[in-house]
Amino acid sequence: MQKRPLIAITAGDPAGIGPEIVVKALSNKELYEKVRPIVICSKNIIEKSLEITKVKKNIYPVEIEALNRLGEKDFSFDKVFLIDLKNASNDIPFGK
């Protein structure tokens, strides 16, 4: 069995619709069958996007150095591995 590629997905502008699009894309099970996704965004923005879209996922912050320790089985459909940028305010208006 070939190892699924590890891909990084940036959420773009935290005030735009990018974070919601990323979260909706992560709700597609086929994505997890083909790749191992890592989201790059501030955790609070992804949490807000999950809430808005009503997508049920658990967020797992991960440091870049730890990516090599994550195995194939770690990337299950219920998880969002996240490199938390910690740079977005909680009061950013979405979709603007």
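**View 1. Arg36 and Glu72 pair up in a salt bridge.** In this predicted model, the closest N and O atoms of Arg36 and Glu72 sit 3.5 Å apart. Have a look at how covered Arg36 is: with a relative accessibility of 7%, Arg36 counts as buried.

**View 2. Glu72 also forms a salt bridge with Arg4.** Here the closest N and O atoms are 2.8 Å apart. Arg4 comes from the segment before β1 (6–10) and Glu72 from the loop between β3 (58–61) and β4 (79–84), so this pair ties together parts that lie 68 residues apart in sequence. Arg4 is buried at 12% relative accessibility, whereas Glu72 is partly exposed at 21%.

View 3. Glu72 takes part in both pairings, one with Arg4 and one with Arg36. On the arginine side, Arg4 and Arg36 are both buried.

**View 4. Over in helix α3, the side chains of Lys43 and Glu47 meet in a salt bridge.** The N to O distance is 3.8 Å. Both residues lie in the helix (residues 43–53), four residues apart, or about one turn. Lys43 is partly exposed, with a relative accessible area of 29%, and Glu47 is partly exposed too, at 39%. With this pair, you've now seen the three salt bridges that the structure holds.

Conventions: Residues are numbered from 1 along each chain as its sequence is written. This is a predicted model: local features need pLDDT of at least 70, side-chain atom pairs count only at pLDDT 80 or more; totals for chains, interfaces and linings use all residues. Side-chain values use heavy atoms; hydrogens and water are left out. A salt bridge is a side-chain nitrogen of Lys or Arg within 4 Å of a carboxyl oxygen of Asp or Glu. Helices (H or I, at least four residues) and strands (E, at least two) are DSSP runs, numbered from the N terminus. Buried means under 20% relative accessible area, exposed over 50%, partly exposed in between (1.4 Å probe, protein chains only).
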